[in-house]
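Here's a quick tour for anyone meeting this structure for the first time. Have a look at the sequence and the model, then read on.

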Amino acid sequence: MTKRKRYSAEFKARVALEAIREELTTAELARKYGVHPTMISGWKRTVIENMASVFGGAASAEPAISGKDVEKLHAKIGQLVVERDFLADASSLILGTGGGKR
């Protein structure tokens with residue numbers, strides 16, 4: 001199984017900037033950097049769409065999470081813990097193993 005290659009933000013920005021400058025075609029950039037042309041087009045589109053946010057001022061790096069969302073996540077965690085404990089107990093009864101709680 002092949003792993004997907006991960007590119008750094010700096011690399012994406014450099015390639016996207018070259019694509020915006022249009023000194024080379026997308027195909028030439030793809031050959032130069034060993035990246036699929038579709039990826040370069042996507043990075044270029046993303047840079048252009050988010051360009052105004054650079055000058056916007058109070059940009060937040062993390063999305064704000066509401067208290068309601070936190071409550072829902074805590075409830076889900078609690079539910080999953082109960083399910084895990086139940087299944088560990090059930091498997092130890094059925095299989096006779098010492099599958100104790102974590």
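Predicted model: local features only at pLDDT ≥ 70, side-chain atom pairs only at ≥ 80, totals over all residues.

A residue counts as buried when its relative accessible area is under 20%, as exposed when that area is over 50%, and as partly exposed in between, using a 1.4 Å probe and protein chains only. Residues are numbered from 1 along each chain as its sequence is written, and side-chain values use heavy atoms, with hydrogens and water left out.

**Overall layout**

- The protein has four helices and zero strands, where helices (H or I, at least four residues) and strands (E, at least two) are DSSP runs numbered from the N terminus.
- Read from the N terminus on, the elements go α-α-α-α.
- A contact means heavy atoms within 4.5 Å; among contacts between residues at least 6 apart in sequence, 38% join residues at least 24 apart.
- The accessible surface comes to about 8,800 Å², and 59% of it belongs to carbon and sulfur atoms; such areas come from the Shrake-Rupley method with a 1.4 Å probe, and for residues only the protein chains shown count as cover.

**The nonpolar core**

- A nonpolar core is a set of buried Ala, Val, Leu, Ile, Met, Phe, Trp, Tyr and Cys residues joined through side-chain atoms within 4.5 Å.
- Which residues make up the largest nonpolar core? There are 10 of them: Tyr 7, Phe 11, Val 15, Ala 16, Ala 19, Leu 29, Ala 30, Val 35, Ile 40 and Trp 43.
- Helices H1 (9–21), H2 (26–33) and H3 (37–54) each supply at least two residues of this core, and H1 gives the most, with four.
- Ala 16 sits in helix H1 and is buried, at 1% relative accessibility.
- Not counting residues up to four places away in sequence, Ala 16 touches Trp 43, Lys 44 and Val 47.
- Ala 16 and Ile 48 are 32 residues apart in sequence, yet their C-alpha atoms are 9.1 Å apart in space.
- Ala 30, another core member, is in contact with Val 35, His 36, Pro 37 and Ile 40, leaving aside its neighbours within four places in sequence.

**Aromatic rings**

- Rings of Phe, Tyr and Trp (its six-membered ring) pair if their centres lie within 6.5 Å; planes under 30 degrees apart count as stacked, over 60 as edge-to-face and the rest as tilted.
- The structure holds four such aromatic pairs.
- One of them is Tyr 7 with Trp 43, an edge-to-face pair at 5.5 Å centre to centre, with 70° between the planes.
- Tyr 7 lies in the segment before H1 and Trp 43 in helix H3, so this pair ties together parts that are 36 residues apart in sequence.
- Both partners are buried: Tyr 7 has a relative accessible area of 19%, and Trp 43 comes in at 12%.
- Phe 11 and Trp 43 are edge-to-face too, because their ring centres are 6.1 Å apart and their planes stand at 85°.
- Ring pairs join Tyr 7, Phe 11, Tyr 33 and Trp 43 into a cluster.

**Salt bridges**

- A salt bridge here is a side-chain nitrogen of Lys or Arg within 4 Å of a carboxyl oxygen of Asp or Glu, and the count comes to three.
- Lys 32 pairs with Glu 18, with the closest N and O atoms 3.2 Å apart; Lys 32 is in helix H2 and Glu 18 in helix H1, 14 residues apart.
- Lys 32 is partly exposed at 49%, whereas Glu 18 is buried at 17%.
- Lys 44 meets Glu 22 at 3.5 Å, N to O.
- Lys 44 lies in helix H3 and Glu 22 in the loop between H1 and H2, so the pair ties together parts 22 residues apart in sequence.
- Asp 85 and Arg 84 also meet, at 3.1 Å, N to O.

**Out on the surface**

- Glu 22 is exposed, with a relative accessible area of 58%, and its phi is near 60°, a positive value in a residue other than glycine.
- Val 47, Ile 48, Met 51, Val 54 and Phe 55 form a nonpolar surface patch with about 510 Å² of accessible area together.
- Patches are made of residues with over 30% relative accessible area and no salt bridge, with like charges joined within 9 Å and nonpolar side chains (Val, Leu, Ile, Met, Phe, Trp, Tyr) within 5 Å.
- Met 51, in helix H3, is partly exposed at 41% relative accessibility.
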